[in-house]
Amino acid sequence: MRLTAEQLNRAPLARQLLLRREPVAAADAVRRIVALQAQEPASPYLALWARVDGFDPADLDAALAGGAVVKATLMRITLHAVVADDYPAFHEAMVANLRASRLNDKRFKATGLTPADADALVPHLLDLVAEPRTKDEIEARLGEILGTEPHQHVWWALRTFAPLVHAPTGGPWSFGRPGAFRAAPVAPAVPPRPTPEEARAQLVWRYLEGFGPATQADFARFALQRRPATAAAFAALGDRLVRHEGPDGEELYDVPGGALPDGDTPAPARLLPMWDSTLLAWDDRRRIVDDGHRPLVVRRNGDVLPTLLVDGRVAGVWRTVEGGIEATAFRPLPDDAWSALAAEARSLLALLAERDPVPYRRFDRWWSDLPAAQVEVLPA
């Protein structure tokens with residue numbers, strides 16, 4: 001099938017529950033979405049609010065506290081919330097990248113340890129975090145094992161690639177400060193770890209379920225995987241994958257039965273959180289954000305601002321201010337779009353009032369240089 005640009009916009013929006021909110025439990029929504037960016041504690045909650053009909057943040061609290069959903073460093077060497085069943089394959093697919101990102105770094109090398117030394121510390125670390133432990137507790141124990149003062153970059157490296165997840169500590173978004181860590185769940189609670197090759201194929205399949213149809217380059221960008229490993233993972237799936245042709249003749253891959261709505265399917269207005277996965281899931285992000293707007297949203301240091309989604313595309317950014325939600329549109333929007341965004345803002349403000357009225361306050365500096373076609377404080 002030859003797909004249009006409009007279909008390539010609507011298909012992942014359908015799979016990401018952004019064409020209509022659905023009445024599903026938090027863990028089920030996370031499974032369908034595949035992975036929620038979680039650098040900021042509020043973001044997984046706001047992502048589910050934008051997607052789940054009648055979302056109750058206590059439902060995600062419970063899923064995190066009970067271990068049905070876990071928060072860990074995974075794709076793009078960033079924090080994600082994923083269902084526990086997905087964690088073994090996702091981590092195994094990413095661990096070589098995670099390990100190299102730290103053990104080849106000059107900050108780790110300055111500790112005087114070798115990669116083999118770091119690997120030897122992992123079993124000791126996992127014994128320690130069988131119960132949740134804080135950073136200070138972990139660093140002190142690592143210092144005892146090494147017989148030296150704890151070096152911050154030893155723990156910095158280990159926490160990135162060892163099979164660890166963040167332990168909920170309470171607070172409005174489940175993870176407060178100081179943070180805590182525990183060993184990742186293991187079988188029989190979750191499936192056994194696959195081989196790296198099997199894991200990458202599983203990650204490809206799950207990626208396509210949530211973000212397809214997509215190219216191999218799209219997946220490689222989503223997971224920061226090298227092209228040869230990516231090609232091998234797609235090859236391993238072989239005829240299990242469906243192939244389409246993109247609007248520019250590119251080869252697109254998909255899972256059988258993946259949602260492919262018509263390109264003119266209505267896409268309601270949404271307020272997306274910081275680092276929403278839909279802005280980061282492809283090599284070619286034109287399917288959701290114009291090239292001219294992308295650097296306004298994806299900032300030079302990697303911050304990804306909260307966005308306005310109008311007719312399935314990024315139309316601007318938002319932040320909380322006194323009196324409501326300040327919406328900065330990069331292009332003039334019709335009145336009906338502003339009305340829909342105002343309704344979303346009312347719902348979001350009600351959720352924030354119970355948790356944290358200004359979740360992204362420390363990122364306000366980015367608004368000083370934003371061009372704006374329209375700025376409104378919602379609801380008006």
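1. Helix axes here are lines fitted to C-alpha atoms over the stretch in contact, and angles between them run from 0 to 180 degrees between N-to-C directions. The structure is a predicted model. On that basis, helix α7 (residues 115-128) and helix α9 (residues 152-161) pack at an angle of about 75°, and their axes lie 11 Å apart. Angles of 65 to 115 degrees count as roughly perpendicular, so α7 is roughly perpendicular to α9.

2. The contact between these two helices can be listed by residue. From α7 come A118, D119, L121, V122 and L125, and they meet V154, W155, L158 and F161 in α9. By class, the residues of this contact are 8 nonpolar, no polar and 1 charged.

3. R102 has its place in helix α5. Is R102 buried or exposed? Its relative accessible area is 17%; the cut-off for buried is under 20%, so R102 counts as buried. Leaving out residues up to four places away in sequence, R102 touches I77, F108, W156, A157 and T160. The side chain of R102 also makes a polar contact, at 3.4 Å, with the side chain of S101. H153 is 51 residues from R102 along the chain, and the C-alpha atoms of the two are separated by 8.9 Å.

4. Helix α11 (residues 216-223) has 6 of its 8 residues buried, so it is largely enclosed by the rest of the structure. Which residues of α11 are buried? They are A217, D218, F219, A220, F222 and A223. These buried residues pack against α5 (87-103), α10 (196-211) and α12 (227-237).

5. Both ends of α11 deserve a remark. After the helix comes L224, which has a positive phi, near 50°.

6. The model contains an open sheet of 5 strands in the order β9-β10-β11-β12-β13, with antiparallel pairing. Its edge strands are β9 and β13 (374-378), each of which pairs on one side only. From one strand to the next, the twist averages 30°. Helix α14 (residues 335-355) packs on this sheet and touches β9, β10, β11, β12 (324-329) and β13. The direction of α14 makes about 45° with that of β13.

7. Strand β10 (residues 307-310) can be followed residue by residue. In a regular strand the side chains alternate between the two faces of the sheet. In β10, T307 and L309 point one way while L308 and V310 point the other way, and all are buried.

8. What does β10 pair with on its two sides? Strand β9 (residues 270-272) runs antiparallel to β10 and is joined to it by 3 bridges; R270 has L309 of β10 as its bridge partner. Strand β11 (residues 313-321) is also antiparallel to β10, with 4 bridges between them. Across that pairing, T307 stands opposite V317, and L309 stands opposite V314.

Note on methods
Residues are numbered from 1 along each chain as its sequence is written. This is a predicted model: local features need pLDDT of at least 70, side-chain atom pairs count only at pLDDT 80 or more; totals for chains, interfaces and linings use all residues. Side-chain values use heavy atoms; hydrogens and water are left out. Buried means under 20% relative accessible area, exposed over 50%, partly exposed in between (1.4 Å probe, protein chains only). Two strands pair if DSSP finds at least two bridges between them. Contact means heavy atoms within 4.5 Å. A polar contact is a pair of N or O atoms within 3.5 Å; within protein, one must be able to donate a hydrogen and the other to accept it, and residues adjacent in sequence count only if both atoms are side-chain atoms. Angles under 35 degrees count as roughly parallel, over 145 as roughly antiparallel, 65 to 115 as roughly perpendicular and the rest as oblique. Ala, Val, Leu, Ile, Met, Phe, Trp, Tyr, Cys and Pro count as nonpolar, Asp, Glu, Lys and Arg as charged, and the others, Gly among them, as polar.
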